[in-house]
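Please read the following report alongside the sequence and the coordinates.

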Amino acid sequence: MFVRTQWLAYIQGKYWVIARVKRRKNEIHVLHLATFSEEIPEQEIDLLEKQGDIEAPDIIVENEENQYLQRLKNWLKQEKVSVKKLKISVSIPGVITRIITLPIISKKYLDKLLTEEVAQYFTVNITDYVLDYRVLKYFEEDGQKRQLVLVAALPKQQWVSLWTLWEELGFSPRVVDLAADCLTRLYGRLGNLGQETATVGLGELGSDVAIIDLGNDRVEFLLLDQGTFFLYSDMQISLAALKSYAGLSCVTGDAKKSLIEETEPSDDNADFGDTGRIRKQKTEDTILPVLQTLDQLFSFFAARHYGKRIDLVYLTGEYADRPFLPEIFKENIDIDTMVGFPDGWKPSFSEQTGDSNNWMKYGSLYGLAMRED
């Protein structure tokens, strides 16, 4: 029997996903799910710029922002979201993380240490960031009890904008979590819960894994050391072309009208194998920057683990189910690559819930649901 019902939201820019879920241990049942996405139109701004009107674009942007806020309010009301109970997972570009090993000290002194001396762990001007931390695990080293602490630095301007938006919507969220941290919680819990573990509120994976969240405009990379957060990075890249590659036609003759004709020499005798090779090559070309960044992150991991490599790669997010991706990753990085979550785990959905076919996109929401607070 499910015992906890929660309202959850995932926010990336102006893209929102809200869900009402029930959770019992690691079982998640989605009762309601809806998405909201809206960007400020640029057509009117472009027109006024051509006409030489300099001040009007700022006015239009301000008006569009106000309209966006009102539409968002209406949408939340329409979806009957209980905003005062809303837990939020956010994905923000430019987040910097550090893993720090410290002696075990009281929370009071830990707060003071990470407030007054945290700048030494970063190469950026820390006054431009908002800091938060979480104890990952306690352990013993050389006879001394220690703790592993994750410190996250979030760009202050973006963080302030988020809080301002929430206040204008009429609430201050009780729980705000990073999407990457939510994914860590999800994959950690689904790993090997039967093992004794020193992690704080998490299970442990029995191996070192990489999680790659393939979003529409951004890819997020997360490396886990035996189920514990080790490294996070992100990159801005559009993967929207992957949708069109999946639709390349295999029809031959005069009726053959597809993306292949626009990019490749015509061949009326092209068969399915030829089309598959073209689709695979185009997919590989599109994600090449992702593979290159991943190679750099793996080298960093190996350098910190006496040459040991990542054991397994998981693909999740918007484009994780695109054809050929696991094969392409395996061929380029020589590491087994899987789509989805450990042990084939997936949530269940109520029949009336929309977008349930895209369940793999919402990993950070599932991880957020697994928080104990």
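The report below goes from the chain as a whole to its sheet, its hairpins, its cavities and pockets, and some individual residues.

**Basis and overall content**

This is a predicted model, in which local features need pLDDT of at least 70 and side-chain atom pairs count only at pLDDT 80 or more, while totals for chains, interfaces and linings use all residues. Residues are numbered from 1 along each chain as its sequence is written, and side-chain values use heavy atoms, with hydrogens and water left out.

The chain holds ten helices and 14 strands; helices (H or I, at least four residues) and strands (E, at least two) are DSSP runs, numbered from the N terminus. Of its 373 residues, 49% are buried, where buried means under 20% relative accessible area, exposed over 50% and partly exposed in between (1.4 Å probe, protein chains only). Among contacts (heavy atoms within 4.5 Å) with a separation of 6 or more, 65% are between residues 24 or more positions apart.

**The open sheet and its helices**

An open sheet of six strands has the order E8-E4-E1-E2-E3-E14, with mixed pairing; two strands pair if DSSP finds at least two bridges between them. Strand E8 (175-178) and strand E14 (348-349) are at the edges with a single partner strand each, so one side of each has no neighbour in the sheet. Strand E3 (residues 27-37) and E14 run parallel and are joined by two bridges, with Val 30 opposite Phe 349.

Helix H4 (residues 156-168) packs on this sheet and touches strand E1 (4-12), strand E2 (15-24), strand E4 (86-90) and E8; the direction of H4 makes about 155 degrees with that of E4. Helix H5 (residues 179-191) lies across E1, E2, E4 and E8, at about 80 degrees to E8. Axes are lines fitted to C-alpha atoms, for helices over the stretch in contact, and angles run from 0 to 180 degrees between N-to-C directions.

How many of the eight residues of strand E10 are buried? Seven of the eight residues in E10 (residues 218-225) are, so the strand is largely enclosed by the rest of the structure. On one side, E10 runs antiparallel to strand E9 (residues 209-214) through six bridges. Ala 210 stands opposite Leu 223 of E10, and three residues separate E9 and E10 in a hairpin. E10 also runs antiparallel to strand E11 (residues 228-236), to which eight bridges join it. In this pair Leu 222 stands opposite Tyr 232. The hairpin of E10 and E11 has two residues between the strands, and Gln 226 in the turn has a positive phi of about 55 degrees.

**Cavities and pockets**

A search of the whole structure gives three cavities of 30 Å³ or more. On a 1 Å grid over the protein atoms alone, a cavity is a set of points where a 1.4 Å probe fits but cannot get out; a pocket is an open set with protein on both sides within 12 Å along at least five of seven lines, and lining residues have an atom within 4 Å of a point. Grid points are joined across faces, edges and corners, and a volume is the space filled by probe spheres set on the points.

The largest cavity is lined by residues including Leu 222 and Tyr 232. H5, E9 and E10 are the elements that give two or more residues to this lining.

The residues closest to the centre of the largest pocket are Asp 132, Arg 134, Asp 177, Asp 181 and Arg 371. Strand E6 (129-141) supplies the largest share of the pocket lining, six residues.

The table sets out volume and lining by class. Ala, Val, Leu, Ile, Met, Phe, Trp, Tyr, Cys and Pro count as nonpolar, Asp, Glu, Lys and Arg as charged, and the others, Gly among them, as polar.

| Space | Volume | Lining by class |
|---|---|---|
| Largest cavity | about 50 Å³ | seven nonpolar, no polar, two charged residues |
| Largest pocket | about 710 Å³ | 20 nonpolar, three polar, twelve charged residues |

**Individual residues**

Most residues other than glycine have a negative phi. Lys 80, in the loop between helix H2 (56-78) and E4, has a positive phi of about 60 degrees and is exposed, at 68% relative accessible area. Tyr 306 has a positive phi of about 55 degrees; this residue lies in the loop between H8 and strand E12 (312-316) and is exposed at 87% relative accessibility.

Thr 286 belongs to helix H8 (residues 272-303) and counts as buried at 14% relative accessibility. Not counting residues up to four places away in sequence, Thr 286 touches Ile 237, Ser 238, Leu 239, Ala 241, Leu 242 and Tyr 245.
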